[in-house]
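I'll talk through the inside, then a pair of helices, then one spot in a loop.

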Amino acid sequence: MSRMRSLNEDPPVESGSLGDHRFTGYRRRLIEDIRGRGIDDLEILQLFDQVPRHLFLPEGVWNRAYEDAPIPIGYHQTASQPSLQALYLSILRPQETERVLEIGTGSGFLTALLATMVERVYSVERIRELSSRARKALDELGFLNVALLVGDGTIGWRKYAPYEVIVVSAASPSIPKAFLDQLADPGRLLIPIGSKDAQELVLVRKEGGSTTEEPVHADCTFVPLLGRFAWKEELSGGVE
Ligand code: SAH
């Protein structure tokens, strides 16, 4: 199922040129932590063994790369908590032939997990530097099936729509209309909805021309989705 050139052709991962063996024990512990949070789908747990998270993070935080915690990646952003990403994947269960749109590339780690599962991943990030860093890590690992775009993800990515799966990794006050328009039928969308301080994960299903919304997880905290159809960027702050 892996779509990583080098990792696929030259297992095990630990013997690769990236010095991953240093992190093997930590990775195993992370998988146990994720399992401890109630995710026991082996196929999903294995992904966390296959994709080295540290390569998606700034070197200064590599010592924390395999903690089950959100990690700062600069520009006021964080890489999401791995167990939350595992939850995303276990709710969405992306299938090999599905097209996935991700809003908020961030570190690119979830992008890589998704790209290991499906044929093609499209991912939008508003901060150019983060997108470039994610590109570098994805290239280093040999992912050939990821398209990245720098821009306002609240308008989706019309060019390759519709998508069977849309994954939103930043919190929004409501569901931007473009996501519903660009969702395939049948299709599913997962998005944190709420205030800037706390959100619930909402699963939207489109089927037979109608959509249903269902809260699937309470009390999560994501960084805000900033853009035309979510929260407006603050005039004073901006990005670093
Ligand atoms: N899954 C990512 C999550 C990163 S945090 C990871 O684990 O690394 C969410 C990301 O969404 C941030 O990088 C932020 O810059 C980005 N973001 C916020 N608003 C956005 C928008 N309108 N369009 C695209 N990306 C956005």
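So, the largest nonpolar core here has 56 residues, and keep in mind that this is a predicted model. The residues with the most contacts inside that core are F48, F56, L57, L89, L113 and V167. Which helix gives the most to this core? That's α5, residues 109-117, with seven residues.

Now have a look at F48. Skipping residues up to four places away in sequence, F48 touches R27, L30, I31, I34, P82, A86, F109 and L113.

F48 also sits in α3, so let's go to how α3 and α5 meet. The α3 helix covers residues 42-50, and its axis comes within 10 Å of the α5 axis, crossing at roughly 120°. Because of that angle, α3 counts as oblique to α5. The crossing is right-handed. On the α3 side you've got I44, L47, F48 and Q50, and they meet F109, L113, T116 and M117 in α5. Sort that contact by class and you get six nonpolar residues, two polar and no charged ones.

Last stop, R37, in the loop between α2 and α3. Is R37 buried or exposed? Exposed, because its relative accessibility is 57%, and the cut-off for exposed is over 50%. Setting aside neighbours within four places in sequence, R37 is still in contact with D68, Q81 and S83. And R37 and L84, 47 residues apart in sequence, are 9.3 Å apart in space, C-alpha to C-alpha.

Conventions
Residues are numbered from 1 along each chain as its sequence is written. This is a predicted model: local features need pLDDT of at least 70, side-chain atom pairs count only at pLDDT 80 or more; totals for chains, interfaces and linings use all residues. Side-chain values use heavy atoms; hydrogens and water are left out. A nonpolar core is a set of buried Ala, Val, Leu, Ile, Met, Phe, Trp, Tyr and Cys residues joined through side-chain atoms within 4.5 Å. Buried means under 20% relative accessible area, exposed over 50%, partly exposed in between (1.4 Å probe, protein chains only). Helices (H or I, at least four residues) and strands (E, at least two) are DSSP runs, numbered from the N terminus. Contact means heavy atoms within 4.5 Å. Axes are lines fitted to C-alpha atoms, for helices over the stretch in contact, and angles run from 0 to 180 degrees between N-to-C directions. Angles under 35 degrees count as roughly parallel, over 145 as roughly antiparallel, 65 to 115 as roughly perpendicular and the rest as oblique. A crossing is left-handed if the near helix is turned anticlockwise from the far one by less than a right angle, and right-handed if clockwise. Ala, Val, Leu, Ile, Met, Phe, Trp, Tyr, Cys and Pro count as nonpolar, Asp, Glu, Lys and Arg as charged, and the others, Gly among them, as polar.
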